[in-house]
Structures are given as structure tokens and as C-alpha cells.
Amino acid sequence: MNKLAEIKGIKKWFALLLTYVIVQLLVSLNIINDYIMATITTICINIILAVSLNLITGFTGQFSLGHAGFMSIGAYTCAIIIMRYPSPLSFIIGLFLGAILAALLGFIVGLPTLRLRGDYLAIATLGMAEIIRFVFLNLDITNGAAGLFVGVQYTNWLWLYVFTAGTVILITNFVNSSHGRACISIREDEIAAEAMGINTTKYKVIAFIIGAFCAGIAGALYASYFYFIKPDLFGFLKSIDILVIVVLGGLGSISGSILAAFLLAIISSLLQSFPEIRMVIYSVLLIVIMLFRPQGIMGSKELSLSAFKSLGSIFERKNGGER
Amino acid sequence: MKRLLTLCVCFLIAVTLIGCSKGNQNEIRIGINYELSGGVATYGQSSVEGIEMAIEEINNAGGINGKKIVPIKYDNKSEPAEATTLANKLITQDKVVAILGPATSGSFKAEIPVANANKIPVASGSATADDVTVTSDGKVQEYAFRVCFNDSFQGTVMANFAADNLSAKKAVIIMDSSSDYGKGLAKNFKDNFVKAGGSIVAEEAYVAGDTDFNAILTKIKGLDFDVIYIPGYYNEAGLIIKQARAQGITAPVLGADGFDSPVLLELAGAEALNDIYFTNHYSSLDKDPAVVKFIEDFKAKYNKEPDAFNALGYDLAKFVCDAIARAEKLDGESIKKALEETENFVGVTGTLSVDEYHNPVKSIVVIGLENGVQTSSVKISP
Amino acid sequence: MEQFLQQIVNGVSLGSIYALIALGYTMVYGIIKLINFAHGDIYMLGAYIGYFCMTYFHLGVIPSLLIAMAICTLLGVIIERIAYKPLRNATRIAVLITAIGVSLFLEYGTMFFVKANVRSYPPLKGILTHSFKLGSIVVTAQQILIVCITIILMAFLQFIVKRTRIGKAMRAVSLDRDAAELMGINVDNTISFTFALGSALAGAAGILVGIYYNSINPLMGILPGLKAFVAAVFGGIGIIPGAMIGGYFIGTVEVMVAGYGNSMFKDAVVFAILILILIVKPSGLLGKETKEKV
């Protein structure tokens, strides 16, 4: 039995490695050109952002409109460090420092504001993100509105993949742990959860910190891929964009968030050829999808490919499924 | 596990869905990467109007060496990251030989590393920040060009004009702090105005999209100053001038080429536009036949007066096409070389040569407005 | 002191605009608990309708105002029927995303037809171009017009909500929708009516801004919309006098920060006050603490 579990573990890592190798191969063969790589980068960053916001909003039920604020902390920290000391090592240091600072801010902001419920929390987080933006707009080290020209690119497919897969695994495991169950119970009924002895504030703050940490990573990856950052990129509209991915994919569905990130990227690149009506079509699509599928593409279910399901069912019977 | 599989499958779908390209020997593909939606869509849309008019003219006249120009236009949503992505798309999939745009310095900067890596020249009509074509450590960005003045030139000219021609001693700056354009101009104006013996009594700031400047104006009204410098665009400048005059502030107002738009007059109203001076590329008083023809043609095509973005977009397309016509071969490197060798290119916004830092060398005019009409223009050569 | 009074005048005129937009937000939120992000764009449309009335049909200020309010009313009801009504029983977040979709649609739909560039209202004539001096304080006729129209509309709204049958229905639905339905109130019509009222006020705000600042563009609704929402939350969301107080307060704070501090921080201060209010008194200035029912 243990062997079966082991095989499953190995398979999981194998699948991970295989995806990496295939894409890396396609990149080397130039089948994936720079443009597709840039699109993949956008998708991966959006996956990290959406999955981490899903933890806060989808699983814990805390409505946050300030995710772009956390992202901007990661982006600016990493950008400032790699502009001073351009080396791959300082990129990694900058990335983690940015993520830690974002998490710290998540903690500081989360503690008082998480007492708020529903829309009030949404507005408070929105206000927080706007304040962060105004601070960046007025600091000298961030070069204000003119923004920072990073000029070097350290985010490559390896790092992108490591951090995207890492975030997805981290959050999946968290959600499936007892802590995650506690978070879900808060979403379902906060008062009942409290009555069951769950320290709701603690779990809300934990979810907030993890979400902010991952958003910080996404920001750092963004800053070291797209050469240029400015405060306006991390405004209210960016937070909304992330929320749209989460809701479109389905609140409480990690595979849904991943799927929605891909879907939106594909829609967006297909619409690039119609610059005049791109946003009109996008907004109509958004309304139509919400009208016909208000629970999002996946609802709160996770994606299961039937072909793999039958293959995986041998193992799942023993372990009671991955989730 | 399932999630990872989702990832794999999605990648494959994405890779097959995005991307398909085609090429043709009898055409020249030029990329247009502009802000057509989002926060600064108005600059992008104006620039593209000028570009499209220029390309149409060139194609009607038979194209370049018998080859038609095919513009490929994308919208970067006013996001630098999207500008990077689209530059990649234009170069790797659409196989363009040069890219025009984006309009703002930030997005343009985000495109330059892609251009350098792929050896495809990019040119902007309105990226004015000093460190666009030259990095802050003094290295020339090999494949980046522009047809507009940089901020330090405009700021310096205006500071000297204020000190010498208007004998101003004290100035107030109200700058657009949401753009590098406003900040760059303000800094250079300030440095040079102080150097010329003047002093800055107050510095105020606003962000693009603001409409209410009464608070700032009430605050400076009590101060003693000779001129107000407004480094920013016509959208806000028009309102500031209107509100300042309504509050009884009559001091001369100075600005830069961001003032050049018929919208300034519409917003401020003719009676408020007295004692206004701004630096610009050309003056409508100028009877240069190229300028007169451009203004007439533009009015005929779009049924409105051209603004600075229109004119710069027009010149940008002509400037790049001129270089393509002179280039030995139809590839990025030859076009870049031809762009570098540009001498006395006659455009609507002045006759320009490209200097070693890829900046245009061209004369500047200081325009004076009375009752909303251009009444004076002073030409200053660099 | 004179400067202070002048800043108060500036703040009150700005605050009137926020208050008018905030009223629509607060009523809609009160009745269906939806942050109607499209509300700021209705305000933008009001400004454009006014622009077309005055530029192409050469109508006066008051007829244009009435037409803009009428068309915005219609639009508000249509949007509610098409986009929000089918989602009455969906999660609130789904409706919110729909509202964002509607907001983007209005912004970029408008941009498609009128282009992104700024437009300006035709020059005003007659009394509206005057300004009055009280000592060294300057009050323009436009400022007086804005404040007067705002107050008239608010009084009218207060009358509808407090003194009419439909107003009573609105209050009942916002208190408890199911109970109201059992009492024989047509909930759908009441909600539509709320949207109609809110949209009419937003349309009025739009045209007033057009007259006052003389500058309109398709994205003009985003930031004032956001700030108006802040104003609504500040005053206590769902409470009509709260929205007025919130609007005037936010307008005045913004002007004071710009006038006596750093104009770059005026928006940041507004949001900081918001967060403080939310932490100290989440139900807003005039809101009542409600005990959560288990």
C-alpha cells in the first residue's frame, strides 16, 4: 500500500518534470517563440495571482479587492534590488524579500481589517491597495509616476514554472490540510466555525498572509520579465482583473482559476487583432458568461480528466482521491 | 495531479491557438503598437490617426520602391507589459521590419529590450523622457529612435524664455505628476530657471484625469509670483487655466508641446487664453507649405484640427518610411543604420537630423496665445 | 481665513457631485446589496447626453438636464433588467463581476462611438458665466447652480423615499426582501424604480460636471465613482442622508488636503479615512450597529 502511494508521488513529480521538459524543448526548438513565451509568462503570473486570491476569496470567503497592492510590493522590491545588483542570485533574493514584505503587509493590514465582513472588507482592501499605490507614486526610490525601467530579464521558463507549480502545490496542499478545512468552514459559516472552536481571525490572517506572499512572488516575476513597472499598473483595475479570473474559474476551484487564466489569455490574444472593439467584446463576454454560468466555469469543483481519472482511479481507491 | 495535467493540456491548447503567421515579398510590414484603450488611449488614438494618414499618403504615391506598406496595428491597453508582449508578437509572428509607438515613455521603454534583442528598430513620436534613447548610465539604446524633443530641451528653453523674454523672477509649477513627461519637464524647468537667477515659489502637483484644481489655485493665489509653469497635457492644462482665470489669477501661463491641441481652447475658452506661452514643434502662423498642406489634409480626412500627437504621429511614420526607402536591405539592421544617418528630414514638426544619442536635432518655437489665437512665435535653434 | 472660506466653497461644490453619485450607490446597495460599479459610467453617459443636447440640439441647461436624467433613468432600468435581474439569486460576487462587465461595456462602448479624446461643453451664456465676489472670496454662478440643483434633487429624493408609497416599498424591500414580498410589494418593480432614481441622479451629476468643469471623456466615471462609493460607505451605506454627508465630507477633505497639505496625497487621505472609519465604526457615520443573526 505504501508502495502505491509512493508510485503516485513519483508520478506526480514525473508529470511535473515532463511538462517542464516539453515546454523547455519547444522553447529551444523555437516552436515557442518570444511572443508565445511572453503570453505564457502572463498566464503563469495570472495563475499565481488568481490561485492565491482564490485562497482568500474562494476558500476562506474573504472578499478582497486589494490583491494588486500586494503584487506591487513584490514587484517594486525585486525591481529595486535587481537594478542595484543585477545577478540571478539577487533576483531570487529580491523575489523572496518582496514576497516576505508583501506577506508582512498582509499581516499588518489583515489583523485589523479582517474583523470587517463582506463588502466592507472589500472596500477596506481596495483602500489599502490605493494607499500603497499613492505611496509608490510619491517615493523617490520608486521614481514616482515615471516608473522603474528594470531593463534586465531574469524570469525565464525555469523560474516561472518552479514558482507557478510551487504556488499551486502549496495552496492545494494548504486547502487540503486541516488548516484549509478550517478556512473553508469560515467561508461556509463563520459563526458556526467559531462555535466549533476554530480561531477564525487566525485562519483568516493566515489565508491573507499566504495569499499576499504568493502575490508578492507574482509581482517579482512580473517586474523581472516585463522590463518596466509603474504604480498605475497595480491600481484598482488590476485587482479587478485578478478577481475576474477567480470568479470566472469558479470560487473555490483551483483548476478553475488555472483554466480561466488560460481562457482569458487566449481570448485576449485573439482579440488583439480588433483593437477598436476588443474591450467591448471582452465586456460582453464577461456579462454573458456570468449570466449563464454565475458560479464560474468550474463552480467549486476541481477539473478531472476522465481519461486520467480511470488511470488514476487505481491509486485513488486506496488514498481516497487526491483531494 | 489533476491540476498539473490541466496545466499540461492547457499549455498545448494555448500554444496551438496562439500563433500563425504569413509573409509576402511585395509588401513592407510595419508594426503599430499603441495605447488604443485604457488610461492614455487619447494619446495613442491621436498618434495613430497621424500615422494612418501618412501611410495612406505613401501608399497612394506608390509605396516605397514599389512596395506597399502594410501597417499591423495592435492595442497595448496602456500597459507596458502588453507593449512588451505585442512587440514580441509583431517581430516574431508578423515579421515587421520596424515598430511605431507606443506613445508614452514607459511603454516605449518596455519595448526597447525586445527591439535590441531582435535587431528591429522601434520609434516613438511622443516618448519624451530623457532616458528613453540613452539609458541612465549613458549607453545608447541601439534600436530606439524618436522624433520628439526630450524633456530637458523643452524645459530648458522654457526656463530661459521665462527669465529672458518675460523677465520673470518667481515661478509656480503645477505639474502632472502621473506622467514622466510632466515630472521631467518640471525638473528641467526648475533647474534652469534657478540657474537663470529665478526662484520657484511653490510646486504643486496633480494627476491626469483630475478636474478640480480650485484647491491648488486658491492656495497659490495668495503667493507672489510672475509666471505659472504647467508641464502637462492639454486635458488638464485647459481646466487649470480656466479655473485660474476664473479665480482672478492673471499671471502668464507657460507650458510645453502638451498644450498643442484645439481642445485647450475648447476647455479654457478664448477669454481665458491670454498670456499663454508654450514650446512647440511648429506654429500655425508658420506659412511653411508642408505645414499648411498637413493641416488642410488632416482637416479634410478627420474633420478636426490636428494636435501635437497627430502631427508627431504623421512625422513618425514618414520618418521611418524615409529611412526604409534609403536602407540598403529590408532588414532591421539596415533600417537602423538608415535611421541613424537621417539628415535634414523635412517633417511637419520641423526639419530634423538624428544625433549620436538617437535624439532628433530640430528647432523649437515658443508660441504665444492671446484670446486663444496664436499671435507670436519665437523660433529657437538648438 | 479668507483662503479657508474659499477652500470651503471649493469643497462644497466638489462634494455636491460626489453626493449626487453617492446617493445612487447607496440606494442600490441598500436594496440589493450590490456595489454597482456601472454607476460611475451612468454618470459619464449623463455628461455625454448633456453634451450632445447642448452642442447639437442647442438646448439650454435645464432641458438638457431633464433629458439626460430621463435617458439615464431608462438606461439604469434596462441595465438592471438585462444584467442584474437574472442574477437575483446568484452569489453577490457573480453580480459584482457582471457589474464590472457592464461598467467596461459602457466605458468602451462609449469610447468606440465618440473616441477617447476629451470633449468640452459649449461655452455657457448669460448668468452662468458670472462670478460673485464676497470680499476676496470668489463664488461662480456655476458653483451656485451645482449646489442648488444638488440640494433640490436631494430634497426631492428624500420626499419620495419618506413620503410616497413607492418610497415606503423601497424601504421595506431594503429591510427584508422576503417579508416585503409576502406583504404584497412587487419587489422587481421596486428594485427597478431604485435603479431609475439612482441613475437619474447620476445623470444629473454628469451634466453638472460637464457644465462646471467643461471636460468630459469616456473614462471620467471611474475615479469619481470610486470616491462616491467611499462617500456612501463613510456616511453609512444604504442611508440617504449619510451619502450626502459623506459626499460633502469627502469633497471638503480632498480640497483641504490639496489646499493645506500635499495635493498628491489627497486621494490617499480619502482612502485612509475610509479604512479608519471602517475599523472604528464599520457601519458608517450614521449607520446602526446590527447584531448578527445566527
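This is a predicted model: local features need pLDDT of at least 70, side-chain atom pairs count only at pLDDT 80 or more; totals for chains, interfaces and linings use all residues.
## Chain B as a whole

Let's start with the overall picture. Chain B holds twelve helices and 15 strands. Along the principal axes, its C-alpha atoms fill a box of roughly 65 × 60 × 40 Å. For 382 residues, a compact globule would have a radius of gyration near 21 Å, and the 22 Å of chain B agrees with that.

Of the 382 residues in chain B, 60% are buried. When contacts in chain B between residues at least 6 apart in sequence are considered, 70% of them join residues at least 24 apart.

## The seven-stranded sheet

Chain B has an open sheet built from seven strands in the order 7-6-8-9-10-14-15, with mixed pairing. Strand 7 and strand 15 (373–380) of chain B sit at the edges, each pairing on one side only. From one strand to the next, the twist averages 20 degrees. As a reminder, strands of a sheet pair through backbone hydrogen bonds, either parallel or antiparallel.

Within this sheet, strand 6 (residues 170–176) and strand 8 (residues 227–229) of chain B are parallel partners, joined over three bridges. Opposite B:Val172 stands B:Ile228, in strand 8 of chain B. Helix 6 (residues 180–195) of chain B lies across strand 6, strand 7 and strand 8, and runs at about 165 degrees to strand 6 of chain B.

## Helix 12 and its buried face

In helix 12 (residues 332–340) of chain B, the buried residues are B:Gly332, B:Ile335, B:Lys336, B:Ala338 and B:Leu339. Viewed down the axis of helix 12 of chain B, these buried residues fall within an arc of 160 degrees, so they line one face of the helix.

## Where chain B meets chain C

The contact between these chains draws 28 residues from chain B and 25 residues from chain C. On the chain B side, helix 2 (41–60), strand 7 (199–206), helix 7 (214–221), helix 8 (234–246) and helix 9 (262–268) each supply at least two residues. Helix 7 of chain B gives the most, with five residues. By residue type, the side of chain B that touches chain C comprises nine nonpolar, 14 polar and five charged residues.

Seven of its eight residues are buried, leaving the helix mostly covered. Those buried residues are B:Asn214, B:Ala215, B:Ile216, B:Leu217, B:Thr218, B:Lys219 and B:Ile220. Their cover includes strand 6, strand 7 and helix 8 of chain B, together with helix 1 (2–32) and helix 10 (240–260) of chain C.

## A lysine in chain A

Over in chain A, A:Lys238 is found in helix 10 (residues 236–249). Is A:Lys238 buried or exposed? A:Lys238 is buried, because 20 other C-beta atoms lie within 10 Å, and the cut-off for burial is 20 or more.

Leaving aside neighbours within four places in sequence, A:Lys238 is in contact with A:Ala68 and A:Leu233. A:Ile7 lies 231 residues from A:Lys238 in sequence and 41 Å from A:Lys238 in space, C-alpha to C-alpha.

Note on methods. Residues are numbered from 1 along each chain as its sequence is written. Chains are lettered from A and ligands numbered from 1 in the order in which they are written. A residue is buried if 20 or more other C-beta atoms lie within 10 Å of its own, exposed if 12 or fewer, and partly exposed in between; C-beta atoms are placed from the backbone. Helices (H or I, at least four residues) and strands (E, at least two) are DSSP runs, numbered from the N terminus. The arc is that of the directions from the helix axis to the C-beta atoms. Two residues are in contact if their C-beta atoms, placed from the backbone, lie within 7 Å. Ala, Val, Leu, Ile, Met, Phe, Trp, Tyr, Cys and Pro count as nonpolar, Asp, Glu, Lys and Arg as charged, and the others, Gly among them, as polar. The radius of gyration is taken over C-alpha atoms; the globule rule is 2.2 Å times the number of residues to the power 0.38. Two strands pair if DSSP finds at least two bridges between them. Axes are lines fitted to C-alpha atoms, for helices over the stretch in contact, and angles run from 0 to 180 degrees between N-to-C directions.
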